[in-house]
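Please look over the sequence and the structure shown here before reading on. The paragraphs below go from one chain as a whole to its partner, and then to a single residue.

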Amino acid sequence: MIHRECGVLKTTYEADMALYPLPIARWAVLAVAVLFFAVIPLTLNDYFLSIANLVCVAIVGAVGLNILVGYTGQVSIGHGAFMSVGAYTAANLANRLGSPWPVNLLAGGLMAAAVGAVVGIPSLRIKGLYLAIATLAGQFIIEWIINHVTFISGGVQASIPVARPRIGSMVLSSQRAIYYFLLAFVVLALVGNMNLIRSRVGRAFIAIRDQDIAAEIIGINIFRYKLLAFAVSSFYAGVTGVLYTYFLGIANYEQFQLGVSVDYLAMIIIGGLGSVLGSVFGAIFITLLPIVIRRLMEGFGWILFDPGTLLNLIPNVRVMLFGALIIFFLIVEPEGLNRLWRNIRNYFRIWPFAY
Amino acid sequence: MSDAVAFFLLLLSNGVMIGLMYALIALGFVLVYKATDAVNFAQGEFVMIAGLVVAGALDAFSAPLWVAVLIGLITMVAFGFVLERVMLRRLIGRPVIAVVMATIGLASVLRGIGPSTLGAGTKTLPLPIPDDPIVLGPLLIPPIQLLGATVSLIFLAAFGWFFLKSRKGIAMRAIADSQQVAMAMGINVERYFGLAWAMTGIVSALGGIIWGNLLGVDINLSLVGLKVFPVVILGGLDSIPGAVLGGLIVGIVENVTAGYVDPYVGGGTKDFAPYVLMILALMIRPYGIFGKKIIERI
């Protein structure tokens, strides 16, 4: 993870395929686990933990979107809507049937997967730009339906309060408890994604991305795998929506509008398309960006601006920087933060004895 | 004439006018796509910025209208050139998703720049035309819509002529056909890319003035850009007549469905119906009514 041997010194296949190539790798994984499972939740206060929770939710969604965009090469500008499908499915189940959260989570994910597969159907005929526009239409249509069908949205405000999840008799109400709850799903999502990509299905996804005609010729059923990619990715999105709903305690379509779809696309582009670690970096980066900007502007903005303009300026600076970063990464570093991370790692591989 | 027929005709005429005004904005999208194969997801933001510049010039310098319009046009043309040079030229040859995301990023930047430099409040953009609708039998036509439709038609015809007859237009069509062959024929492809973006700037400036007068100038003006996609998909991404026809279809469909369906579902059909239509079009005829059939069989 962090360290690397400074050459290829392996002599057996077992050594090559080992999960931990060096003893220190084991320690690095352990250290990261301790950091996320003990240090972060036990030292941060509620405010920072709520930010950490937002990051956790974003990671699940970004990893899912990366399966579709990064690994399979299909564009989706409709992931915000898939999240809302998951969120409203779970909220309705929880309120109407009183079902426990594992059921809601699974149902939300599956419902989103079904809707995602339907929206993905045009991908069988069209790709690239046309698919992007088709999923954009999906976003608007789903949003409109949720907003206008009162059976789903539960009234004029289109927001449904949801009770906190509970494990046994314990209600997960504190930010710390929610953090552990979400972290479990982050780990599941990451492990699930890494294993998916190593599997037959994942290889098929990558083959379709790299050259769809060649993939078809070597016997990959493109129709099936494209729909599968949409379904899996939307399943992640649905789960993200449910998790976000449980985190907020309310399902509201305004949390899943077009801007959210764009946010998630920005995460995987800035993080790095087709990389698990990149999704994580991107999710952290995009989630923290508005918070850091607001803090900085509130802290230092008075030097340049008077308070009135500052209030007006903060959201605009956020939007501008967000867009500028997307453009910057696309032009300068298309492989994203993940590439920067690799460069740093490679530099330190032979440091301090380069040459 | 019965009331039902009159109501329908009213919706229809309204749809035609609005549709032609959509066509003007869609034209900006088509021009760029035709010449440079780039997709502009920031078309609505172009319109918003143009509206803000013109309204700002009227407001701040209390300039006469024609000066403000001129400022708007010059700003947008310069903006188009610079944008091509700084951003889009570097993205040539990259996958579609890169250009799509870059223009989405650009949209975001413009949404931030607009309100923070030119003010966040809704500005008016007064034009010297009467407010009272023109009555034609059962039809009520607001003069601004008539003006918008006329300007649209003039510019659509002008660009049609430009592409068919003028030397530059023919060069652009050659580039759209094959960039390599165009280069081999001695056409300076990069300069024409800049020109295409500048032309989009002109169209966006006009769109900004007309739509800005109709809706008021603030950040929400950029939402007009979302209607561009149904229009260009229906008409064909690279076709100027397609933009007109697509605009008309979208304008009529959204007005007629809104007129008949809105009372039952509580509004919002206008934003919904064009997209349903677009999905159908994508299923049946993805390259649009007049578009080039270059969709690959997958």
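Among contacts in chain B between residues at least 6 apart in sequence, what percentage join residues at least 24 apart? The share is 76%, where two residues are in contact if their C-beta atoms, placed from the backbone, lie within 7 Å. This is a predicted model, in which local features need pLDDT of at least 70 and side-chain atom pairs count only at pLDDT 80 or more, while totals for chains, interfaces and linings use all residues. Residues are numbered from 1 along each chain as its sequence is written, and chains are lettered from A and ligands numbered from 1 in the order in which they are written.

Chain B is built from eleven helices and two strands, these being DSSP runs numbered from the N terminus (H or I of at least four residues for helices, E of at least two for strands). Read from the N terminus, its elements follow the order α-α-α-α-β-β-α-α-α-α-α-α-α. The radius of gyration of chain B, taken over C-alpha atoms, is 19 Å, close to the 19 Å from the globule rule for 298 residues, so chain B is as compact as a globular protein of that length; the rule itself is 2.2 Å times the number of residues to the power 0.38. Of the 298 residues in chain B, 51% are buried, meaning that 20 or more other C-beta atoms, placed from the backbone, lie within 10 Å of the residue's own.

Where chain B meets chain A, the contact takes 38 residues from chain B and 38 residues from chain A. On the chain B side, helix 4 (96-118), helix 9 (228-235) and helix 11 (273-284) each supply at least two residues, and the largest share, 17 residues, comes from helix 4 of chain B. By class, that side of chain B has 29 nonpolar, six polar and three charged residues (Ala, Val, Leu, Ile, Met, Phe, Trp, Tyr, Cys and Pro count as nonpolar, Asp, Glu, Lys and Arg as charged, and the others, Gly among them, as polar).

Turning to chain A, A:His79 lies in helix 4 (residues 79-96) of that chain. Why does A:His79 count as buried? The reason is that A:His79 has 34 C-beta neighbours inside 10 Å. Not counting residues up to four places away in sequence, A:His79 touches A:Leu65, A:Ala237, A:Ser261 and A:Tyr264. A:His79 and A:Val119, 40 residues apart in sequence, are 10 Å apart in space, C-alpha to C-alpha.

Notes. Buried ≥ 20, exposed ≤ 12 C-beta atoms within 10 Å, placed from the backbone.
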